[in-house]
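Biologist: I would like to learn how to read a structure like this one, feature by feature. Could you take me through it slowly?

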Amino acid sequence: LHSNPPDKEFFSKATTSFDKSKEDVWNQISSSIDKPIDSRTGTKKTTSLQLCFYYGIAASLLLILGTTLMLRFYNNSNYCPDGKELTVNLPDGSTVTLQSNSTITYYPLWWKFSRRIILTGEAYFNVKKGNEFKVTSARGSTAVLGTTFSINARNYKYRVTCFTGQVKVFSILKRSVILNPEYSAEITPSGEIKVSKY
């Protein structure tokens with residue numbers, strides 16, 4: 001038997017040279033834990049700030065687009081039942097008095113950019129002065145700045161009567177006429193415009 005086993009002799013001669021401090025080792029271990037490992041390559045991958053920046057821009061653009069679409073296409077419809085009369089107050093203070101069995105549709109959130117109404121039936125309009133106010137129906141459209149007028153757009157008929165101010169009437173053939181107070185314009189089935197004093 002050997003008095004000194006070979007293992008002890010080996011370890012007594014072995015020396016380790018370590019030039020890192022305890023803090024350096026701890027920081028290295030911590031940074032290794034924080035970095036996720038890419039399962040395909042086995043390498044550490046770092047979070048890209050640039051990628052996060054692009055995702056942020058894309059999300060902002062989507063939010064702006066969604067908000068714009070909501071403002072543009074959100075609409076409000078008002079229907080006046082048979083045998084009744086209904087007055088609708090518009091966002092700018094203008095009013096529309098709907099006659100029996102008539103409907104208007106407008107875009108309240110987009111009103112500051114475009115004062116536009118879609119009419120089916122018959123209505124009397126009292127429009128506040130401002131940017132162009134447009135009423136559209138199947139057979140024609142009417143544009144004003146500030147006036148009172150009525151429109152009858154039932155079935156194949158389209159008749160506009162001007163009470164105050166001026167009214168511009170457009171047919172589906174892109175023909176147009178300007179009405180002064182006490183005048184009416186009727187669009188014929190062929191798209192022509194007939195003007196008469198009411």
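Biologist: Is Phe 133 buried or exposed, and in which strand does Phe 133 lie?

Modeller: Please keep in mind throughout that this is a predicted model. Burial is judged from relative accessible area, and a residue counts as buried when that value is under 20%. Phe 133 has a relative accessible area of 0%, so Phe 133 is buried, and its place is in strand E6, which covers residues 133–136.

Biologist: With which residues is Phe 133 in contact, leaving aside its neighbours within four places in sequence?

Modeller: A contact is a matter of heavy atoms within 4.5 Å. On that reading Phe 133 is in contact with Leu 90, Ser 94, Trp 111, Arg 115, Ile 117, Phe 125, Val 127, Thr 142, Ala 143 and Val 144, once neighbours within four places in sequence are left aside.

Biologist: How many residues does the largest nonpolar core have, and which have the most contacts inside it?

Modeller: The largest nonpolar core has 27 residues, and those with the most contacts inside it are Ile 117, Phe 125, Phe 133, Phe 149 and Ile 151. Among the elements that give two or more residues to this core are E3 (95–98), E4 (102–106), E6 and E8 (148–153), while the largest share, 4 residues, comes from E5. Ile 151 shows what such a position touches: not counting residues up to four places away in sequence, its partners include Leu 119, Ala 123, Phe 125, Val 135, Tyr 158 and Val 160.

Biologist: How many aromatic pairs does the structure hold?

Modeller: There are 7 aromatic pairs in the structure. In one of them, the ring centres of Tyr 124 and Phe 163 are 5.5 Å apart with the planes at 50 degrees, so this pair is tilted. Tyr 124 in strand E5 and Phe 163 in strand E9 are 39 residues apart, and their pairing links distant parts of the chain.

Biologist: Which residues form one aromatic cluster?

Modeller: Tyr 106, Trp 111, Phe 125, Phe 133 and Phe 149 do. A ring can also have a charged side chain over its face, and here Lys 134 lies over the face of Phe 170, at 5.6 Å from the ring centre.

Biologist: Where is the place of Thr 147, and is Thr 147 buried or exposed?

Modeller: Thr 147 sits in the loop between strand E7 (140–144) and E8, and its relative accessible area is 3%, so Thr 147 is buried. Leaving aside neighbours within four places in sequence, the contacts of Thr 147 include Phe 125, Asn 126, Val 127, Cys 162 and Val 167.

Biologist: How many salt bridges are there by the count?

Modeller: The count comes to 5 salt bridges. In one, Arg 154 pairs with Glu 122, the closest N and O atoms being 3.9 Å apart; Arg 154 is in the loop between E8 and E9 and Glu 122 is in strand E5, 32 residues apart. Arg 154 counts as partly exposed at 26% relative accessibility, and Glu 122 is partly exposed at 28%. In another, the side chains of Arg 159 and Glu 186 meet at 2.8 Å, N to O, which links strand E9 to strand E12 across 27 residues.

Biologist: Which residue forms a salt bridge with Lys 197?

Modeller: Glu 182 does, with the closest N and O atoms 3.8 Å apart. Lys 197 lies in strand E13 (residues 193–197) and Glu 182 in the loop between strand E11 (176–179) and E12, so the pair ties together parts that are 15 residues apart in sequence. Lys 197 counts as exposed at 55% relative accessibility, whereas Glu 182, at 41%, counts as partly exposed.

How values were computed:
Residues are numbered from 1 along each chain as its sequence is written. This is a predicted model: local features need pLDDT of at least 70, side-chain atom pairs count only at pLDDT 80 or more; totals for chains, interfaces and linings use all residues. Side-chain values use heavy atoms; hydrogens and water are left out. Buried means under 20% relative accessible area, exposed over 50%, partly exposed in between (1.4 Å probe, protein chains only). A nonpolar core is a set of buried Ala, Val, Leu, Ile, Met, Phe, Trp, Tyr and Cys residues joined through side-chain atoms within 4.5 Å. Rings of Phe, Tyr and Trp (its six-membered ring) pair if their centres lie within 6.5 Å; planes under 30 degrees apart count as stacked, over 60 as edge-to-face and the rest as tilted. A charge sits over a ring if NZ of Lys or CZ of Arg is within 6 Å of the ring centre and within 35 degrees of the ring normal. A salt bridge is a side-chain nitrogen of Lys or Arg within 4 Å of a carboxyl oxygen of Asp or Glu.
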